[in-house]
Amino acid sequence: MEATVKTVENVNMSANRLSDLYESARQANYWSSFDPDRAARTEINGYEATLAEDLTTIPVEEQQEYIDNFKAHLRTIFARRSRIASPMVTGPAKFNYRRNEKANASYQNAIDDFDTWRARAKKSIARKVEAAKPQAQKDDEEWQVLRRDIAESLAAIKGIDEDGDMWIRSAFTTSIYGKVERKAQAGKMALVEKAMDFIEEYNDKHKKPVFTKRHKWYRLPELAKKFADKNEQEEETGSVSVAFDTCEVIKNYTYNRLQIRFDGKPEAEVRSTLKSHGFRWSPASGTWQRILTPNAIYALGLLNLGIDTMKVRKA
């Protein structure tokens, strides 16, 4: 049987970073597949494709650690699935369905843990990559995203003003204003100035301006400067941050706050845990925070977010 298998699979295996897990994968399929060897090859190649895709966005210096953790999760997955049997393979006589259900649940938990780890690890690495970029590159990338968004809204406004498109004009002007206002509130004066110039370029080429001269749009540079000055004052006191897979922890000495920032809105269970340990949501900073004390740092370790409190203390 083995000799008849097409060499495509064997060639893939020879270049496979996960080939050392083949025997674990075969054992995992032993009681649930009529052909565990072929099932193992197919599964290993599938995971290899997933790993290869993940590595395309991961810096070389981070790849080996990611591969090691990826393989550790697969070992757990294979070990747990090796306890799952199929009555079609083992025979239905005295088949222990209850034990099999428990094994299935354990296996599914391992899959869920693997998926959660991948998502968190990739986010953490992405944050490191972003932090390592030169500031000029970050600024240019941020402007290109903002410019694209503004350009899309301007195209819609042009269609309304000049082509009779039946859209609500204020929806697009509000969108432009809101996006640039958020940059102003972050103190990003250069971005606000570029956005102002971009709108003026449009106004020069079209009969109807995007905003009237009395619109609050024209006060955004003043707003940006106000927040830029505020940020500069805060930096004199300073803060330090430590990035983890699940979140970023900030020791904000300016406001004497311990802050936790997530990439998005945390799950209800996480929010409940944060509240039970004294953290409260701060819309102004976009973080969950409490007064910066040794007890606050200790509480970080009780949140089940994978935070190393020793790293936070030493930061």
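Terms first. I take helices (H or I, at least four residues) and strands (E, at least two) as DSSP runs, numbered from the N terminus. I call two strands paired if DSSP finds at least two bridges between them.

The model is predicted, so I kept to its limits: local features need pLDDT of at least 70, side-chain atom pairs count only at pLDDT 80 or more, and totals for chains, interfaces and linings use all residues. Residues are numbered from 1 along each chain as its sequence is written, and side-chain values use heavy atoms, with hydrogens and water left out.

**Entry 1. Whole chain**

I counted 13 helices and five strands in the protein chain. The radius of gyration of the protein chain is 27 Å, well over the 20 Å from the globule rule for 315 residues, so the chain is more spread out than a compact globule. For that figure the radius is taken over C-alpha atoms, and the rule is 2.2 Å times the number of residues to the power 0.38. I also noted the span of the C-alpha trace along its principal axes, about 85 × 60 × 40 Å.

Of the 315 residues, 37% are buried. I use buried for under 20% relative accessible area, exposed for over 50%, and partly exposed for in between (1.4 Å probe, protein chains only). Among contacts with a separation of 6 or more, 60% are between residues 24 or more positions apart; contact means heavy atoms within 4.5 Å.

**Entry 2. The sheet**

In what order do the strands of the open sheet run? I read S1-S2-S3-S5-S4, five strands with antiparallel pairing. S1 and S4 (280–282) stand at the edges with a single partner strand each, so one side of each has no neighbour in the sheet. The twist from one strand to the next averages 30°. Axes here are lines fitted to C-alpha atoms, for helices over the stretch in contact, and angles run from 0 to 180 degrees between N-to-C directions.

I then followed the pairings. S1 (residues 239–243) and S2 run antiparallel and are joined by five bridges, and a hairpin of four residues connects them. S2 pairs with S3 (residues 257–261), again antiparallel and over five bridges. Val-249 of S2 has Val-242 opposite it on one strand and Ile-260 of S3 as a bridge partner. S4 and S5 (residues 287–291) are antiparallel with three bridges, and Trp-281 has Trp-288 of S5 as its bridge partner.

**Entry 3. Strand S2**

Is S2 enclosed or open? Five of the five residues of S2 (residues 248–252) are buried, so the strand is largely enclosed by the rest of the structure. In a regular strand the side chains alternate between the two faces of the sheet. I checked each face: Glu-248, Ile-250 and Asn-252 are buried on one side, and Val-249 and Lys-251 are buried on the other.

**Entry 4. Two asparagines with positive phi**

Most residues other than glycine have a negative phi. Asn-256 has a positive phi of about 55° although it is not a glycine. Asn-256 sits in the hairpin of S2 and S3, which has four residues between the strands, and is partly exposed at 37% relative accessible area.

Asn-304 also has a positive phi, about 60°. Asn-304 lies in the loop between H12 (294–300) and H13 (309–314) and is exposed, at 70% relative accessible area.

**Entry 5. Helices H8 and H9**

H8 (residues 169–185) and H9 (residues 189–205) pack at about 155°, their axes 9 Å apart. That makes H8 roughly antiparallel to H9; under 35 degrees counts as roughly parallel, over 145 as roughly antiparallel, 65 to 115 as roughly perpendicular and the rest as oblique. The contact uses Ile-176, Val-180, Lys-183 and Ala-184 of H8, and Leu-191, Val-192, Ala-195 and Ile-199 of H9. By class I noted seven nonpolar, no polar and one charged residues. Ala, Val, Leu, Ile, Met, Phe, Trp, Tyr, Cys and Pro count as nonpolar, Asp, Glu, Lys and Arg as charged, and the others, Gly among them, as polar.

**Entry 6. Two distances**

Glu-222 lies in H10 (residues 220–237) and counts as exposed at 61% relative accessibility. The C-alpha atoms of Glu-222 and Ala-184 are separated by 8.5 Å, at 38 residues apart along the chain. Ala-186, in the loop between H8 and H9, is 24 residues from Glu-162 in sequence and 34 Å from it in space, C-alpha to C-alpha.
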